[in-house]
Amino acid sequence: AQKMISIFSQIASSIEGVFAPKFSADTKSTIKDYVVITILVSIGLLILPLFSGFFISLIFGSKYFSAIGVFNLMSLALIPFFLTGPFSSLVLYRFGKSGYHLAISAGQLVVGLIGYFLFIPVLGVSGAVITTLLINVFGFLAYIKLYQKLNEAALRLLNPNGILLSASCSMHLSADNLQNCIRRAGLSTKK
């Protein structure tokens, strides 16, 4: 199961490797293309468990049917990982905030170590997959929090009668979530 799912991590790295350098330029089409590809791969990962039995038996034979459950969990656990891609690329390449990316990665490492320590002894392989899901969800939520911090910084620079224009190029951050990020930023800065 791990061997098959590792292909998707390689796909994510390849996609980011192609789009990341383009993020330094101010092109909305690049961002849109990256988000569309990210969503399509995420949908593929969501649908993949429906066909996992076929693929596992085709590639590895029927003796690996026991890996189907783990494979299904792993494919679902990768969805937040893919959805985080546009956020992390924007932070690294558009805003030049590698320190934030490092901090979020360190947080993911801590979540992973704690999760593996707690869940693997009790749940075995499923514990490792659940921990992977937690790591990916942590990263996704951390990048949403970062959007709030970026808006707080913008509000602090804003003149008293100024107007803040804020947007997200990520389809993963809904309009309501973006408004909530901005609202929390406004409350935090009292603007």
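A nonpolar core is a set of buried Ala, Val, Leu, Ile, Met, Phe, Trp, Tyr and Cys residues joined through side-chain atoms within 4.5 Å. The model is predicted: local features need pLDDT of at least 70 and side-chain atom pairs count only at pLDDT 80 or more, while totals for chains, interfaces and linings use all residues. Residues are numbered from 1 along each chain as its sequence is written, and side-chain values use heavy atoms, with hydrogens and water left out.

**View 1. The largest nonpolar core.** This core has 19 residues. Those with the most contacts inside it are Ile5, Phe8, Ile15, Val41, Leu45 and Phe82. Two or more residues each come from helices H1 (2-19), H2 (28-47) and H4 (68-94), and H4 gives the largest share, eight residues. Helices are DSSP runs of H or I with at least four residues, numbered from the N terminus.

**View 2. The surroundings of Leu45.** Neighbours within four places in sequence are left aside. Leu45 is then in contact (heavy atoms within 4.5 Å) with Phe8, Ser75, Leu76, Leu78, Ile79 and Phe82.

**View 3. A second, separate core.** This core has five residues, among them Phe140, Tyr147, Leu178 and Cys181.

View 4. The buried residues (under 20% relative accessible area, 1.4 Å probe, protein chains only) of H7 are Leu178, Cys181, Ala185, Gly186 and Thr189. Seen down the axis of H7, they fall within an arc of 135° (taken from the directions from the helix axis to the C-beta atoms), so they line one face of the helix. These buried residues pack against helix H6 (125-157). The face turned away from them carries Asp176 and Leu187, which are exposed, that is, over 50%.
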